[in-house]
Amino acid sequence: MLKEKEVENEIDIQGFLHGNRNYGAIGMHNLVRPLFSLPRRAESLTAYHILLTEPYFAWHKGPFQMREYERVTAELSVRLWRRYNGPIYLMTDRQGAAYCREQGMEKLYDGVDDSLSGQKYCIDMKKYWAAGKIIALLNIQAPCVIIDLDMLIWKPLELGGCQVAAAHTEPIIEELYPPFAEFIMSPRYQFPKQWDLSVEPLNTSFVYFADEGFKNDYARQAIRFMQYERNTQDSLSRCMIFAEQRILGMCATAYGIQAKTFLEYGKPLDRQEFMTHIWSGKELLRTHTRAESEYNVLCGKKIAQLAEMGV
């Protein structure tokens, strides 16, 4: 855990912001290079940010809030998507919608949908902190893209006719993706026999679905797992990423779908020009004031450039 009082020379802030040091983020170098002068995607593609506040309230007291770096990242994500790919909507709940109105974020989106309010799925939101993304899929029409609020897409999306696309595959490391036998499940649940245990998970910080039927089947399978899992020893990631990422890979293979990916796992400092995912780099931004301040400035410069373009 990084400490606020940690000596500055022990954290290479410029290395982090320029993508030369890995503090858990991918593609940070894209923040410091010029925007691409590329035409918008010929056929627009609708994307969604998902903000379910229930997991936040499972961990925090008081009103819902986001840090400044979270807000500027979300705004840059919205503007970049609209510049290169198409419309982008926010799917949230009443608390999330109210917060966005208060912060002036609502006007960034092509629309704000608060239909996640009051949807009861009997899911432990403290453990399944990204469940909102999966639940939202049942309310979204394919073809569609879901991108995390800390994901930045810097170019028009090239899908090549694929049925499913994701950020990258992940190796089945038991520390993160334990064997099926380690999950404590309700007696009413059985893992589907058609799931191939050797299939690599698909990272869903960015995910595209072309087919409505597959999208809904995956979402229902993931929701069903979250509903029937019972007190498995967890690191606050293993159960969540199994439901979200490993099930997606296994469902795709069961459907005979070869998913398209854009990054190579294990190369966080790769100088790819497609996406930036802040991911675990948020820990540095949360705990180091100067890093957050300089990061916010970089995002602000890109936001201003896009605003000048009318985006």
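## Glycine 96 in helix α4

Glycine 96 belongs to helix α4, which covers residues 94–103; helices here are DSSP runs of H or I with at least four residues, strands are E runs of at least two, and both are numbered from the N terminus. This is a predicted model, in which local features need pLDDT of at least 70 and side-chain atom pairs count only at pLDDT 80 or more, while totals for chains, interfaces and linings use all residues. Residues are numbered from 1 along each chain as its sequence is written, and side-chain values use heavy atoms, with hydrogens and water left out.

Glycine 96 is buried, with a relative accessible area of 0% (buried means under 20%, exposed over 50% and partly exposed in between, with a 1.4 Å probe and protein chains only). Apart from neighbours within four places in sequence, glycine 96 is in contact with Leu51 and Thr53, contact meaning heavy atoms within 4.5 Å.

## The open sheet

Seven strands form an open sheet of mixed pairing, in the order β3-β2-β1-β4-β7-β6-β8, where two strands pair if DSSP finds at least two bridges between them. Strands β3 (112–113) and β8 (260–261) stand at the edges, each with a single partner strand, so one side of each is left without a neighbour in the sheet.

Within this sheet, strand β1 (residues 47–51) runs parallel to strand β2 (residues 88–92), and five bridges join them; alanine 47 stands opposite isoleucine 88 in β2.
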